[in-house]
Amino acid sequence: MATKAEILDSIASMTVLELSELLKEFEEKFGVTAAAPVAVAAPAAAGGGDGAGAAAEEEKDEFDVILTAAGDKKIQVIKEVRSLVSGLGLKEAKDLVDGAPKPVLEKVAKEEAEKAKAQLEEAGATVELK
């Protein structure tokens, strides 16, 4: 039987395609997926207990304004994005709108987030607050 070091050396010498095929075969043979440990660990870390949950609810005074779709009036939406985000050039604003869903503003006060949402929706965009 090969040692762990030998197995790791063999894996290190594989191409990306060979490694991908090995991973698929490993998942099929043992009935597991490589993403499962990450998926299980994330909810456990997020739940963390009553203290962490209460702290997360208290912090709900900061919101992210997320542009989910530009809509029919793309140029108007680009103009609104430029007016909301200081220092953003025309190309950067266009890239942001084209790459929707993307955050326009992050960690802003509730009033500012609602105002930005209203401006973007008036311009024809679909927006969500998180």
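The predicted model holds an open sheet of three strands in the order β2-β1-β3, with antiparallel pairing. Residues are numbered from 1 along each chain as its sequence is written. In this predicted model, local features need pLDDT of at least 70, side-chain atom pairs count only at pLDDT 80 or more, and totals for chains, interfaces and linings use all residues, while side-chain values use heavy atoms, with hydrogens and water left out.

**Exercise 1.** Determine which strands stand at the edges of the sheet.

*Solution.* Helices (H or I, at least four residues) and strands (E, at least two) are DSSP runs, numbered from the N terminus. Two strands pair if DSSP finds at least two bridges between them. β2 and β3 each have a single partner strand and stand at the edges, so one side of each lacks a neighbour in the sheet.

**Exercise 2.** State how many bridges join β1 to β2, and how many join β1 to β3.

*Solution.* Step 1: β1 (residues 62-69) and β2 (residues 102-109) run antiparallel and are joined by five bridges. Here E62 has A109 as its bridge partner, and L67 stands opposite K102. Step 2: β3 (residues 126-129) pairs with β1 over four bridges, also in the antiparallel sense; V65 stands opposite L129.

**Exercise 3.** Compare the span of helix α2 with the expected one.

*Solution.* The expected span is 1.5 Å times one less than the number of residues. Helix α2 (residues 16-30) has 15 residues, and its first and last C-alpha are 21 Å apart, close to the expected 21 Å. Just after α2, G31 takes a positive phi of about 65 degrees.
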